[in-house]
Amino acid sequence: MKLIATMPCRNEDWIIGLSIRAALRWCDGVAVLNHASTDRTGAILDEIQRETGRLNIINEPDPEWCEMKHRHRLLKQARAMGATHIAIVDADEVLTGNLLPTIRDQIDQMPPGACIQIPMRNMYGGIDQYRSDASCWGRAITTVAFCDN
């Protein structure tokens, strides 16, 4: 299995260092699309690429957000990086540490075309609290990865 994360980002200098380094703890590489960032996001991505050699950075200067076009570019890049399995990670998301020991095995066992979903815990009011109410943020489920078909 070769697990590549896809990550779109824009003006994420406040979190991108953490989210990419966290993704690299369970993914073999990251295809990241830097979408018209005007902050230090690009410099941080370049720094992590120099540190790890495990990023493939797509710089998109057009400020118009074309989500499906951008996600398709990331998918193509992940495949070009040799992905057999693809993780879907937003720039402000971090997998919880309790999943690190098992997530790769769970993803590796999926048949082609299958995906794995987990509860999404949305931090609220600090890093030690999350939403657990009846709102969409309190009961969110997110797709984490799929086995490419």
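**Charged pairs and their surroundings**

Author: E60 is a buried residue, its relative accessible area being 11%, which falls below the 20% limit used for that class. The model is predicted, and what follows should be read accordingly. The partner of E60 is R73: the two form a salt bridge in which the closest N and O atoms are 2.5 Å apart. E60 belongs to strand β3 (residues 55–60) and R73 to helix α3 (residues 67–80), so this bridge ties together parts that lie 13 residues apart in sequence. R73 is partly exposed, with 28% relative accessibility.

R21 is placed in helix α1 (residues 16–23) and E47 in helix α2 (residues 41–52), so the contact ties together parts 26 residues apart in sequence. R21 is partly exposed at 33% relative accessible area, and E47 is also partly exposed, at 33%.

The helix that carries R21 is mostly covered, since six of the eight residues of α1 are buried. The buried residues are I16, G17, S19, I20, A22 and A23. These pack against β1 (3–9), β2, α2 and β3; β3 is the strand that holds E60.

A further pair is formed by D28 and R104, whose side chains meet in a salt bridge of 3.4 Å, N to O. Here distant parts of the chain are linked: D28 sits in the loop between α1 and β2 (29–35), R104 sits in helix α4 (residues 103–108), and 76 residues separate them. D28 is partly exposed, with a relative accessible area of 30%, and R104 is likewise partly exposed, at 26%. The count of salt bridges in the model comes to seven.

Where is E12 found? E12 lies in the loop between β1 and α1. E12 is buried but has no salt bridge, because R10, the nearest side chain of opposite charge, is 8.6 Å away, while a bridge requires the nitrogen and oxygen to be within 4 Å. Apart from neighbours within four places in sequence, the contacts of E12 are D39, T41, A91 and D92.

The cysteines may be considered next. The count of disulfides is zero. For C9, the closest cysteine sulfur, in C27, is 15 Å away, too far for a bond; C9 is itself buried, with 3% relative accessible area. C115 is in no disulfide either, the nearest cysteine sulfur being that of C147 at 11 Å. C115 is partly exposed, at 44% relative accessible area.

Finally, the surface also carries a nonpolar patch, made up of M123, I127 and Y130, which together have about 380 Å² of accessible area. I127 is located in the loop between β5 (115–119) and β6 (141–147). With a relative accessible area of 82%, I127 is exposed, whereas E60, with which this account began, is buried.

Definitions and conventions:
Residues are numbered from 1 along each chain as its sequence is written. This is a predicted model: local features need pLDDT of at least 70, side-chain atom pairs count only at pLDDT 80 or more; totals for chains, interfaces and linings use all residues. Side-chain values use heavy atoms; hydrogens and water are left out. Helices (H or I, at least four residues) and strands (E, at least two) are DSSP runs, numbered from the N terminus. Buried means under 20% relative accessible area, exposed over 50%, partly exposed in between (1.4 Å probe, protein chains only). Contact means heavy atoms within 4.5 Å. Patches are made of residues with over 30% relative accessible area and no salt bridge: like charges are joined within 9 Å, nonpolar side chains (Val, Leu, Ile, Met, Phe, Trp, Tyr) within 5 Å. Accessible areas come from the Shrake-Rupley method with a 1.4 Å probe; for residues, only the protein chains shown count as cover. Lys and Arg count as positive and Asp and Glu as negative; His and the chain ends are not counted. A disulfide is a pair of cysteine sulfur atoms within 2.5 Å.
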